[in-house]
Protein chains: 2
Amino acid sequence: MHQNGVECCESVCVHEELLQKVTAQMPKEEALYDLAELFKVFGDSTRIRILFVLFEAEVCVCDLAEALQMTQSAVSHQLKILKQAKLVKNRRAGKSIFYSLADDHVRAIIGQGLEHIEE
Amino acid sequence: MHQNGVECCESVCVHEELLQKVTAQMPKEEALYDLAELFKVFGDSTRIRILFVLFEAEVCVCDLAEALQMTQSAVSHQLKILKQAKLVKNRRAGKSIFYSLADDHVRAIIGQGLEHIEE
DNA sequence: TTATCATATGAACAGTCATTCATATGTTCA
DNA sequence: TGAACATATGAATGACTGTTCATATGATAA
């Protein structure tokens with residue numbers, strides 16, 4: 001039974017030494033989970049669009065909503081997710097709250113993604 | 001009403017010129033969608049783990065299942081998604097099918113992600 | 001303080017998705 | 001050909017997620 005991990009296509013595959021190598025190099029469960037969570041944040045076109053707007057300037061929630069033709073509530077919910085992932089930061093200015101990119105990793109990651117889909 | 005896009009926090013925000021700048025730089029709808037779809041593929045810890053295994057070697061489905069302690073079916077379903085996104089490729093060798101990374105974008109994207117979560 | 005503006009948030013609903021189970025496809029060997 | 005192995009796949013299910021709606025919080029100005 002392969003599912004039980006006892007043995008598997010023994011004549012062809014590397015198996016033993018491969019398993020050792022793989023488990024040695026594999027990051028910890030928590031890191032893998034955090035990594036997936038991070039990319040999950042990029043995996044929504046609304047959030048991608050928000051990030052592209054923030055590439056251009058620091059923008060308040062209200063203008064973001066207008067730029068993307070979405071409700072203020074929907075934008076605000078997504079901004080919360082982006083902020084939890086530390087992809088954006090914000091500052092208050094009177095009644096408005098301005099959002100901007102947290103660091104350059106955002107540009108780098110999206111840049112790599114663009115390269116891949118433009119092949 | 002802000003939701004209707006007529007006017008918005010006029011005294012504070014850049015508004016008009018910002019909107020022009022943003023819409024000029026914003027990629028097309030299709031590109032934004034493709035980009036989100038790509039990151040969605042990275043946004044699952046099972047697929048991340050598969051990719052990490054493939055960082056080390058070309059591996060058959062059966063060994064992947066054992067390395068990750070998952071059923072062959074679950075791994076196969078995820079491999080299909082990875083292949084559709086052109087992140088992995090495969091070749092047949094007898095009864096087995098070996099999977100490997102499609103190109104170096106995968107390493108680059110995951111590398112950027114790792115940098116971000118290791119802050 | 002009160003009214004208004006800008007933003008945040010909780011609940012609910014609809015759509016999406018990863019896994020499981022059963023089964024199909026395709027290869028090798030006897 | 002038939003049996004065993006390796007992989008793929010369709011349907012079903014439970015869990016997750018983005019948007020909407022209603023409302024709450026927080027700030028400004030009169």
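The model is a predicted one. Polar contacts do cross the interface of chain A and chain B, in 7 residue pairs, with both residues at pLDDT 80 or more. The two chains bury about 5,400 Å² between them. Carbon and sulfur atoms account for 72% of that area. The contact draws 61 residues from chain A and 61 residues from chain B.

On chain A, several elements each supply at least two residues of the side that touches chain B. Among the helices are helix 1 (16-25), helix 2 (29-42) and helix 3 (45-56). Helix 4 (61-68) and helix 6 (105-117) also take part. Strand 1 (59-60) and strand 3 (96-101) of chain A contribute as well. By class, this side of chain A has 34 nonpolar residues. A further 14 are polar and 13 are charged.

Chain B holds an open sheet of 3 strands. The order is 1-3-2, and the pairing is antiparallel. Strand 1 (59-60) and strand 2 (88-93) of chain B stand at the edges. Each has a single partner strand, so one side of each is left without a neighbour in the sheet. Strand 1 of chain B pairs with strand 3 (residues 96-101) of chain B over 2 bridges, in the antiparallel sense. In this strand 3, B:Y99 is the bridge partner of B:V59. In general, the strands of a sheet pair through backbone hydrogen bonds, either parallel or antiparallel.

Notes
Residues are numbered from 1 along each chain as its sequence is written. Chains are lettered from A and ligands numbered from 1 in the order in which they are written. This is a predicted model: local features need pLDDT of at least 70, side-chain atom pairs count only at pLDDT 80 or more; totals for chains, interfaces and linings use all residues. Side-chain values use heavy atoms; hydrogens and water are left out. Contact means heavy atoms within 4.5 Å. Buried area is the accessible area (1.4 Å probe) that two parts lose on being put together, summed over both. A polar contact is a pair of N or O atoms within 3.5 Å; within protein, one must be able to donate a hydrogen and the other to accept it, and residues adjacent in sequence count only if both atoms are side-chain atoms. Helices (H or I, at least four residues) and strands (E, at least two) are DSSP runs, numbered from the N terminus. Ala, Val, Leu, Ile, Met, Phe, Trp, Tyr, Cys and Pro count as nonpolar, Asp, Glu, Lys and Arg as charged, and the others, Gly among them, as polar. Two strands pair if DSSP finds at least two bridges between them.
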